[in-house]
Number of protein chains: 2
Amino acid sequence: MRLILLGFGTVGQGLAELLLAKAALLSRQYGLKPVVVGIADMQKGSIANPKGINLKRALELAKKGKSLTALPGRVIEGDALAFIKAVNADVLVEATYTDIKTGQPATSYIEAALRKKMHVTTTNKGPVALHYARLKRLADRNRVQFLFEGTVVSGTPLVNLIRDTLAGCEIREIRGILNGTTNYILTRMEEGLGYEAALKKAQELGYAEAVPDADVLGWDALAKVTILANVFFGGKKKPFDYSCRGITKIDASAIAKAKEAGKRYKLIGRVWRQKGEVHASVAPQQIELSHPLAGVGGATNAVTVSTDALGDVTIVGPGAGRVETGYSLLADLIHLATSR
Amino acid sequence: MRLILLGFGTVGQGLAELLLAKAALLSRQYGLKPVVVGIADMQKGSIANPKGINLKRALELAKKGKSLTALPGRVIEGDALAFIKAVNADVLVEATYTDIKTGQPATSYIEAALRKKMHVTTTNKGPVALHYARLKRLADRNRVQFLFEGTVVSGTPLVNLIRDTLAGCEIREIRGILNGTTNYILTRMEEGLGYEAALKKAQELGYAEAVPDADVLGWDALAKVTILANVFFGGKKKPFDYSCRGITKIDASAIAKAKEAGKRYKLIGRVWRQKGEVHASVAPQQIELSHPLAGVGGATNAVTVSTDALGDVTIVGPGAGRVETGYSLLADLIHLATSR
């Protein structure tokens, strides 16, 4: 299995580390021998080597801030599209930056790879939230797979859980805590911090960005909700077609009131079907303390899937992280090796 | 895909209902067209029909307490072993009664089917807790699959979750609430009921048997823990080789003390590795209220899987039920149709 890594930032490096650490396990258990034949990164340069790139050296160079073009192989000039054209491989691992307004340029990379009959795995929310139906059709037409486990709750296996292990169930509703940053802030607020102080704490820990809008206004959760709507409910809308409220209006008194009522505020992303139509939303909700979602504190994510045959099934796990998100790509590669 | 159903009690009927309800979905989504060519039940009689048994009529007969031999087809005399010999099929669905001391007679049925190069799916804890390694080897030698999603937490997809979607992870520890009856009793005790009153309530609701030993002494959880040890840690021991304590010694004062310390009693089954050795146990434990397992009340089950790449992943769902356990068999059939 020959791979191209597009983007060699946190996530791409997380995958490279896992490929090194787990080479023996992958080969023994799945007969899977992934060879990275190309890495293309806007900052770090682009290199191709059909015999396989030395990932240990690539990681060393990246950590020292040096260019990957120092590695043995062919230096490819031009952008990522030129790279995909020039390098032959079986799978494109797409981990470039996310733009949830346009999905570009990642969507054009994915399209180019699918047209070249390469499987694609991505951690990029933009393409799946905005262009899922089109990309899935393109993949089907070219008889390859389009996978994106890491787009919703990082490596926590939600997408594969629904697709593979809840395969025979009718999915009636999906709702959950899809953003770790806001869940961390709400958890600290319940412990007594004010919103500003809790946000500052989240920024210090690296959970929240300096400009925290994408998290606290709910946009990140909204993109994930849209992905779930697209993939599991056949939704056709774009993220900002759905209603979205973040946590910026939740104050100490609201938290205290909920607590008195035996409840707890969570920022809940939700997708459901009503009268044949697909609905989705992001909004703070008061959750009964007895519900599995209420017990999920800190930066952890959790999603409850309501089904016909099993009732509610909830999965709780990490929603971010270098190795965690890298793992989502590895899980997709194993899926490629074991499914038909 | 031709199936033999062995045992047409609650679970076998639950599967039959799902096969009827989901025929269109299975065919459309997975190209899967299961045909039940034989049903063998100790009480209800045994019938074979290579053209397919009318499941709707079989369910009607079973519900009226009538014999399945009234259905069109060939009546097979003798026991289940004779039935497996006489009827050709691709998959044996084994849902006869559980004996966790010997694993018999179910184990001999599974062996006979594997030797005939039939895949096997079972909901029966005995064979997997006592004879997993041998049955897995036999399946491998005959190039068929031995599946058992329903043996641990009913249809909640724990086994498939670990095998498929956590496939690239190293599993370091599994611990969880594996018995719904005891979790229901502990939940009611925390609300103020005494042990005897809570047990009576569980019996009234059908959660606990008249002789509740298998649940309250921890044996049911112990069988499940042993299955997890066998399958995911290469454990070689039998259930009663591991330490096992139930909930019968937990009284109101113990519950109150835990509550004061911000904790909650749960009957926890646990498997882990220490210095290369596989350990397992069942015992009541005080769980921090902030842990996902603490929030799981009533008859629900929950399991936390500790991994290298993702840290802790927890799955929460039903641990029993007619359709829920029937679904575990359907999930295994879909796995057969989609894996290679």
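1. Start with one residue pair in this predicted model. I174(A) has V271(A) as its bridge partner in β10(A). Helix α9 of chain A, residues 180-190, packs on the sheet there and touches β8, β10 and β12 (301-307) of chain A. The direction of this helix makes about 145° with that of β10(A).

2. Chain B has its own α9, also residues 180-190. That helix packs on the sheet against β8 (171-177), β10 (263-274) and β12 (301-307) of chain B. Its direction makes about 145° with that of β10(B).

3. Now the strand pairing. In chain A, β8 (residues 171-177) and β10 (residues 263-274) run antiparallel and share four bridges.

4. The sheet is open, has twelve strands and is mixed in its pairing. Its order is β9(A)-β11(A)-β10(A)-β8(A)-β12(A)-β13(A)-β13(B)-β12(B)-β8(B)-β10(B)-β11(B)-β9(B).

5. How do the two chains relate?

6. Chain A on its own holds 14 helices and 13 strands. Its C-alpha trace spans about 65 × 45 × 40 Å along the principal axes. The radius of gyration is 20 Å, which agrees with the value near 20 Å for a compact globule of 340 residues. Buried residues make up 55% of the 340 in chain A.

Note on methods
Residues numbered from 1 in each chain as written. Chains lettered and ligands numbered in written order. Predicted model: local features only at pLDDT ≥ 70, side-chain atom pairs only at ≥ 80, totals over all residues. Pairing = 2+ DSSP bridges. Helix = DSSP H or I, 4+ residues; strand = E, 2+ residues; numbered from the N terminus. Contact = placed C-beta atoms within 7 Å. Axes fitted to C-alpha atoms, helices over the stretch in contact; angles between N-to-C directions. Rg over C-alpha atoms; globule rule 2.2 N^0.38 Å. Buried ≥ 20, exposed ≤ 12 C-beta atoms within 10 Å, placed from the backbone.
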